Amino acid sequence: MIELGKGQAQTGGVAKDTSDATFMADVVDASMQVPVIVLLWSQADPGSLQLSRTLEAEIAATGGALSLVRLDIDRNPMVLSQLQVQAFPAVIAFFQGQGVTGFQGVPGPAQIKEFVQKLAAAVGAAGPQDDAGGIEQAIEMAEKMLEQELYDDAAQTFAAILAELPANLPSIAGLARAQLALGQTEEAEATLATVPPESAEDPTIKAVRAAIQLAAGGAAAGEEAGLRAKLAADPADHAARMELADALIARGDNADAVDELLELFRRDREWNEGAAKAKLLTLVDSLGPKDPLAASARRRLSSLIFA
């Protein structure tokens, strides 16, 4: 049987054991002062001991910027059911009373070191308001979560940053993007509503706002194969072509969506009060000014306008 804390090197009192009865004080309340890394371990799992040792060593190296709390999942089912973790051992980092990031399983020492260092840099003892570099690293970490489709983790991380810096535009945009990916359109709109008026035209904010507009069309679009069959039977079915573009955008095939919108514009630029051009420009906005597809779409549209 594994006994964490027995027969292992001590690391300055970094680790603390918690329970159902003390989890609120040991983790949630304590995380209002310093980030708390929670190790969910099981006596039946041989990887838990080594993970605890590695975490203790890395957290000790942060000089008190983080703390480690361990929860025996076999003896504390109440907290476990609330956390809804499916694989063990698992690690969840709490800050400002919320779970902000984590992982499951036993990664290598290098990955554990990177996890601890990034968390310490993001929400270290200096605090996000005093550590511009930490804020940048926290945003970078959350952006990577978005790329990896860890939308819940990304949303929690962006929310933790905004708790300290409510007007941080990259975090507002990131939180709204995460919410949109989770299907929380109303929440994403509410997040964008917090943008200061003077920043309403910021490209990152415009991109998210455009993505929200496009999401509505994608939700109402029909099945792609059926729409293509309609167009094969009648290439002049402009409504079907617009709906096909919406369906393509919804599944992330923006390049094909651009092709369909440009084809619709070529066939009838005035159809439905210029809907093809308006949808194309919204799509371009959602991609952001640095996206190569956005630049290409603008050039192709201009060539049609001035042909």
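Q: Axes are lines fitted to C-alpha atoms, for helices over the stretch in contact, and angles run from 0 to 180 degrees between N-to-C directions. At what angle do the axes of helix α11 and helix α13 cross?
A: The model is predicted, with local features needing pLDDT of at least 70 and side-chain atom pairs pLDDT 80 or more, while totals for chains, interfaces and linings use all residues. Residues are numbered from 1 along each chain, and side-chain values use heavy atoms, without hydrogens and water. Helix α11 covers residues 238-250 and helix α13 residues 275-287 (helices are DSSP runs of H or I, at least four residues; strands are runs of E, at least two; both are numbered from the N terminus). Their axes come within 11 Å of each other, and the crossing angle is roughly 10 degrees.

Q: How is the direction of α11 relative to α13 classed?
A: The axes cross at roughly 10 degrees. Angles under 35 degrees count as roughly parallel. Therefore α11 is, relative to α13, roughly parallel.

Q: Which residues of α13 make the contact with α11?
A: Contact means heavy atoms within 4.5 Å. On the α11 side, Met242, Asp246 and Ile249 take part. On the α13 side the residues are Ala275, Ala276, Lys279 and Leu283.

Q: Which strands stand at the edges of the open sheet?
A: The sheet has five strands with mixed pairing, in the order β1-β3-β2-β4-β5 (two strands pair if DSSP finds at least two bridges between them). An edge strand here has a single partner, so one side of it is left without a neighbour in the sheet. The strands in this position are β1 (15-18) and β5 (98-104).

Q: Which residue in β3 stands opposite threonine 18?
A: Strand β3 spans residues 67-72 and runs parallel to β1, joined to β1 by four bridges. The residue opposite threonine 18 is leucine 71.

Q: What angle does the direction of helix α2 make with that of β3?
A: Helix α2 (residues 47-60) packs on the sheet. α2 touches β1, β2 (36-41), β3, β4 (90-95) and β5. With the direction of β3, the direction of α2 makes an angle of about 165 degrees.

Q: Which strands does helix α4 touch?
A: Helix α4, residues 109-122, also packs on the sheet. Its direction makes about 165 degrees with that of β5. The strands touched by α4 are β2, β4 and β5.

How values were computed:
Parallel < 35°, antiparallel > 145°, perpendicular 65-115°, else oblique.
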